[in-house]
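Reader: I am new to this structure and would like a close look at a single part of it. Could you take the salt bridges and go through some of them slowly, saying where their partners lie?

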Amino acid sequence: MAKFYLSKNYNDTTSAGNKAKTDIEQILSELGYKNAGLAQTACSNKIVGFILTFISVLKVFFTISANDLIVIQYPFKKYYSFVCNIIHFRKGKVITVIHDLGAFRRKKLTVEKEIRRLNHTDVLIVHNDHMKEWLLQQGYSKPMVCLGIFDYLSSSENDKPHTFDGQLIKVIYAGALSDKKNKYLYELDDKIAKWQFELYGSGFRENRIKKKSHFKYNGFIPSDRLIEQVDAHFGLIWEGDSISTCSGNFGDYLKLNNPHKASLYIRCNLPLIVWEESALTAFISENKIGICIHSLTELDTVLPAISVESYNEMKENIEKINRRVASGYYINKALNEADIYLHENYT
């Protein structure tokens, strides 16, 4: 049995979603998986990109043989069902790694259509138990394995001490800073007194902030530089319109999703602050790598109350998870579990 992955054309390899996919391709290659399609490309021309990916998909028919295994990363746009059918026609097996669910957040698919698509795989690697349960409730019927957290490859390292004394506590947020995704940013103005909010990304309208002393806008910094340079205490994962809860399509999706942002913060050696109803809460609590809150208004009370000993414990635990995330530990573990299922049920 040979093991493969399927590469494609990526319009932009620097975006968070594509970074996660290209990292997995690199990890799979290092694990000995071969590319069943064309070599990975990064062409922004949509027509050329479509042609390159389509040829890559067609090549699978001539690459896969009986009992071979191929890893596909989802979503794979309109090609997903087609390529799964090719693989099964050739008597191969499919492991699918989910990155995003179009039916839940972007509403580009009906739930029923997405479940029908996903049922083409043999094993599905999902983000966490919450996503697993939701898929079961929607009618997904194939076996699932939980990833835990996304791996994050980078040659950069953060060796900042992040010394914590309960005084000037710095919390960062990296990502989209516009009203569309994170309107809550502009509601925090008079809710911050005992910590500083440091923002990295594009779209922030600094003129709308009155108490600028509690905000520091750093603009967009490439992730490798961010990992090296950031000197703070926590990384915040919060999306939506409100400071009281994560709301809207982006915020509500946190109940199922493991944001790639979490892995970036881990590579920065920063403990995490997450919404207590988010799917990440279990991972954070189990590994003792951060705090879970109901509302952002709690931070003025919660952050100064953290002891130096508690923070140092979180920091030590983050460094352990960082080493795993940097090495491809989580996707390797999930693939091994999926392999065991396939071996037990198809041999």
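Author: A residue is called buried when its relative accessible area is under 20%, exposed when that value is over 50%, and partly exposed in between. The model is a predicted one, and the count of salt bridges in it comes to nine.

One of them joins K191 and D190, whose side chains meet with N and O 2.9 Å apart. K191 has a relative accessible area of 32%, so it falls between the two cut-offs and is partly exposed, whereas D190, at 51% relative accessibility, counts as exposed.

Another salt bridge links D23 with K19, and here the closest N and O atoms are 3.0 Å apart. Both residues belong to helix α1, which covers residues 16–30, and because D23 and K19 are four residues apart in that helix, about one helical turn separates them. D23 is buried, its relative accessible area being 4%, and K19 also counts as buried, at 14% relative accessibility.

A further pair is found in helix α13, residues 329–346, where E337 and K333 are four residues apart and therefore separated by about one helical turn. These two form a salt bridge in which the closest N and O atoms are 2.8 Å apart. E337 has a relative accessible area of 33% and is partly exposed, and K333, with a value of 38%, is partly exposed as well.

How values were computed
Residues numbered from 1 in each chain as written. Predicted model: local features only at pLDDT ≥ 70, side-chain atom pairs only at ≥ 80, totals over all residues. Heavy atoms only, no water. Salt bridge = Lys/Arg side-chain N within 4 Å of Asp/Glu carboxyl O. Helix = DSSP H or I, 4+ residues; strand = E, 2+ residues; numbered from the N terminus. Buried < 20%, exposed > 50% of the residue type's maximum accessible area, 1.4 Å probe, protein only.
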